[in-house]
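User: Please walk me through this model in short questions and answers. Keep it brisk.

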Amino acid sequence: MSAAAADRVRYDRATAHLEAPVAIVDLDAFDDNARDLVRRAGGKPIRVASKSVRCRALLERVLARDGFAGIMSFTLPESLWLAREGFDDVLLAYPSTDRDGFATLTSDPKLAAAVTVMVDDPTQLDLIDSVRAGTEEVRVCLEWDTSLRLLGGRVRVGALRSPLREPEQLAGLARLIARRPGFRLVGLMAYEGHVAGVGDAVAERPLRSRAIRLMQSVARRDLAARRAAAVRAVRAEADLEFVNGGGTGSVQHTAAEDAVTEIAAGSGLYQPRLFDHYTSFRGRPAALFAQPVVRRPGVGVVTVLGGGYPASGAAGRDRLPVPYLPEGLAYDAMEGPGEVQTPLLGTAADDLLIGDKVWFRHAKAGELCERFDTLRLIEGDRVVASVPTYRGEGRTFL
């Protein structure tokens, strides 16, 4: 029996008493993935990206491990909620225009000490000042543009994020913050999505994979040099507490840079399908969901309830969940995964009965939790806990 087939036996046995749809996290795989992230980080602390986890109990679990410190959040309301729940180091990864949230932040000493907000434009500071409800100092982090520019800037590779690219731009904003009452610059962040979030081993696409590896090799050298210069420029203006970089796909490369003090990662804990295509590491699928077989339309075909849970990003087949267990099932090309039903093809279908579970992997990590209120935590072949997702706690932060 293959390892995947053995996992299916465990998952079916653990959830035999539960109706599908159901979502699980295999704690053995989750903990293995956490250990591997720490190994790759080479002694630098990992700040957990909460958008890739979206479950308070699992954030607590991973932050209790050596090698992890702090949270990287995705909205200001989430940041404030986490700080109220006892997380005392929360870095908001994206700028916010939440006026009520900033009014709360500036009037609460505990929240102001725990939460660091992201800026890349003086106008964002103006917005915060316009809604201040107290005198608490706001902790600020600058984000800068990591994109690779080729052919004199005519070709850009990387996410469209910060307008700050040159060290002089960063230093200028750092000086402005230093002179502005009510703010303290404590960090610098750079997310290299074109390195950390793009797999370099695309299935059945050897030429594309080679091109990605070449691009990423060039990008890493470019990024290391520019990041070092950016950090020097900002440190000349402010006493930084941290310099954050990375992502699951680039942990070991980013950690090797002297200028970086901490690594951001989160998706690698769940190991969704988009993170299968890297040459530098292998994770264990830890987060899965099951849909029930509701029809057997013919030989080599079963139909499961729903399951059409696409991931965010540019639309494409790589954004779809994939049938994972039993092995050997595939979508019908004419239907794909649907809102109310999903036909699955393959010889494995003939061994499935009405009511059996088919296990799927989501394309991305935390987005699975937007579909489920509860995660069942599995050890071996037992459910050892049922914990709420953000959605299950009534927390919709997007």
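This is a predicted model: local features need pLDDT of at least 70, side-chain atom pairs count only at pLDDT 80 or more; totals for chains, interfaces and linings use all residues.

User: In what order do the eight strands close into a barrel?

Analyst: Strands here are DSSP runs of E with at least two residues, helices are runs of H or I with at least four, and both are numbered from the N terminus. Two strands pair if DSSP finds at least two bridges between them. The barrel pairing is parallel, and the order is β2-β3-β4-β5-β6-β9-β10-β11. From one strand to the next, the twist averages 30°.

User: Why is strand β3 largely enclosed by the rest of the structure?

Analyst: Buried means under 20% relative accessible area, exposed over 50%, and partly exposed in between (1.4 Å probe, protein chains only). Strand β3 spans residues 68-73, and it is largely enclosed because the buried ones number five of six.

User: What angle does the direction of helix α10 make with that of β9?

Analyst: Axes are lines fitted to C-alpha atoms, for helices over the stretch in contact, and angles run from 0 to 180 degrees between N-to-C directions. Contact means heavy atoms within 4.5 Å. Helix α10 (residues 206-235) packs on the sheet and touches β9 (183-190) and β10 (242-245). Its angle with β9 is about 175°.

User: Which strands pair with β13 in the antiparallel sense?

Analyst: Strand β13 (residues 301-305) is mostly covered, with four of its five residues buried. On one pairing, three bridges link it to β12 (residues 287-298), with Thr-303 as the partner of Arg-295. On another, five bridges link it to β16 (residues 341-345), where Val-302 stands opposite Leu-344. The antiparallel partners are β12 and β16.

User: Which residue takes a positive phi in the hairpin of β12 and β13?

Analyst: Two residues lie between the strands of this hairpin. The phi in question is near 75°, and the residue is Gly-300.

User: Is Thr-303 buried or exposed?

Analyst: Thr-303 is found in strand β13. Not counting residues up to four places away in sequence, its contacts include Pro-292, Val-294, Arg-295 and Thr-342. Its relative accessible area is 2%, so Thr-303 is buried.

User: Which residues other than glycine have a positive phi, Arg-54 and which other?

Analyst: Most residues other than glycine have a negative phi. Arg-54, in the loop between β2 and α3 (56-63), has a phi of about 50°, and it is buried at 5% relative accessible area. The other one sits in the loop between α12 (267-270) and β12, counts as buried at 2% relative accessibility, and has a phi of about 55°: Gln-271.

User: Where do cis peptide bonds join Ala-20 to Pro-21 and Leu-325 to Pro-326?

Analyst: Omega is about 5° for Ala-20 and Pro-21, and about 0° for Leu-325 and Pro-326. Pro-21 is in the loop between α1 (3-14) and β1 (22-26). Pro-326 is in the loop between β14 (322-325) and β15 (330-331).

User: What is the volume of the largest cavity?

Analyst: On a 1 Å grid over the protein atoms alone, a cavity is a set of points where a 1.4 Å probe fits but cannot get out, and lining residues have an atom within 4 Å of a point. Grid points are joined across faces, edges and corners, and a volume is the space filled by probe spheres set on the points. The structure holds four cavities of 30 Å³ or more. The largest has a volume of about 50 Å³.

Note on methods:
Residues are numbered from 1 along each chain as its sequence is written. Side-chain values use heavy atoms; hydrogens and water are left out. On a 1 Å grid over the protein atoms alone, a cavity is a set of points where a 1.4 Å probe fits but cannot get out, and a pocket is an open set with protein on both sides within 12 Å along at least five of seven lines; lining residues have an atom within 4 Å of a point.
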